Amino acid sequence: MWHKREKKKEEKEEKEEKKEEKEKTLLQELCGDDAELYAFLRNYLYFNPLAAISQKDLDILTGEAEKSGNFRPAVDKAIFEASQNPGERESYIKAIQSLASQAIHATEQEKGKLEKEGLTDRAANLGRRIEDHEFMSERVEDIIDVASRFYNEKLVELGEDVRREARREEKKEAEREEMRTGDREKAGREAKKEERRKMGREEKREAEKQDKREELAAEEAKEARREKKEEAEREETRIGDLEKAEREARKEERRGN
């Protein structure tokens, strides 16, 4: 049992590593030779934005940031919303630049306090944070461009994952129902055996005829379920091939852009 748990854990970690590698590959592809943009965005984009980014309105997050000094949730929200609302691009550019400016001011004040206290290492970390926000303000349009393509691809993949999981659960339920059917049929056979012990010869002959009719019907039902299962497996393969082809097509389109 312990080995099975360890194996499952290793498989999960391996899956997460592959997912992370895939994410980096997409982001590197979108950033091209722009190493600075990649270095910034790999810390600011999420594989699952729907789970990672706050559901609160941007105005609420901005207000909370101004009180707490933590502008990251608001910045994440602004970048994601900018990527999903191309018609409001200019207003989001201004919003992100405003957040970056406020974050720089708040961080500079905090950095100054740490330097006075002699906490130079922590102050240096804040210096790098200031550089990030300066880069954000300067390169906001490039950030939105890459974030738009990155998040659009991730949302498509997340939709595929949700539908795939639904099909997987449907398959599991069909398998559970098959087991329940088998158990019911077995219980029914055992019950009939008990009943026959109390029957006369003529009743037994009639019961055996009825058993054959029921067995034939059960076999037909079983064959129908088997065909349905095979059709579902063929459909799963077809969908998988289609999704793969669509991913490749989107990849080629990105290369063309």
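# A helical chain, residue by residue

Q: Is His 133 buried or exposed?
A: In this predicted model, His 133 has a relative accessible area of 7%. The cut-off for burial is under 20%. His 133 therefore counts as buried.

Q: Which residues does His 133 contact, leaving aside its neighbours within four places in sequence?
A: His 133 sits in helix α7. Contact here means heavy atoms within 4.5 Å. With the sequence neighbours set aside, the partners of His 133 are Tyr 44, Ala 100, Ala 103 and Ile 104.

Q: Is Glu 138 buried or exposed?
A: Glu 138 belongs to helix α7, as His 133 does. Its relative accessibility is 66%. Exposed means over 50%, so Glu 138 counts as exposed.

Q: How many helices does the protein chain have?
A: Along the sequence, the chain reads α-α-α-α-α-α-α-α-α. Strands number 0. The helix count is 9.

Q: What percentage of the residues in the protein chain count as buried?
A: The chain has 257 residues. A residue is buried when its relative accessible area is under 20%. The part of the chain that counts as buried is 26%.

Q: Among contacts between residues at least 6 apart in sequence, what percentage join residues at least 24 apart?
A: Start with contacts in the chain whose residues are at least 6 apart in sequence. Then keep those whose residues are at least 24 apart. Their share is 67%.

Q: Which residues does Ile 93 touch, not counting those up to four places away in sequence?
A: Ile 93 lies in helix α6, residues 89-116. Its relative accessible area is 6%, so Ile 93 counts as buried. Beyond the excluded sequence neighbours, Ile 93 touches Val 140, Glu 141 and Ile 144.

Q: How far apart in space are Ile 93 and Ile 79, C-alpha to C-alpha?
A: In sequence, Ile 93 and Ile 79 are 14 residues apart. In space, the C-alpha to C-alpha distance is 8.9 Å.

Q: How many salt bridges are counted?
A: Side chains of opposite charge can pair when their charged atoms come close. A pair counts here when a side-chain nitrogen of Lys or Arg is within 4 Å of a carboxyl oxygen of Asp or Glu. The count comes to 18.

Q: Which residue forms a salt bridge with Lys 56?
A: Lys 56 is partly exposed, at 39% relative accessibility. The closest N and O atoms of the pair are 2.8 Å apart, and the partner is Glu 64.

Q: Are Glu 81 and Lys 77 buried or exposed?
A: The side chains of Glu 81 and Lys 77 meet in a salt bridge, at 3.9 Å from N to O. They are 4 residues apart in helix α5, so about one helical turn separates them. Both Glu 81 and Lys 77 are buried.

Q: Which residues are linked with Arg 180 in a network of salt bridges?
A: Arg 180 pairs with Glu 177, the closest N and O atoms being 2.8 Å apart. Both lie in helix α8, 3 residues apart, about one turn of the helix. Arg 180 is partly exposed at 35%, and Glu 177 is partly exposed at 31%. The network links Arg 180 with Glu 169, Glu 173, Arg 176, Glu 177 and Arg 184.

Key: Residues numbered from 1 in each chain as written. Predicted model: local features only at pLDDT ≥ 70, side-chain atom pairs only at ≥ 80, totals over all residues. Heavy atoms only, no water. Helix = DSSP H or I, 4+ residues; strand = E, 2+ residues; numbered from the N terminus. Buried < 20%, exposed > 50% of the residue type's maximum accessible area, 1.4 Å probe, protein only.
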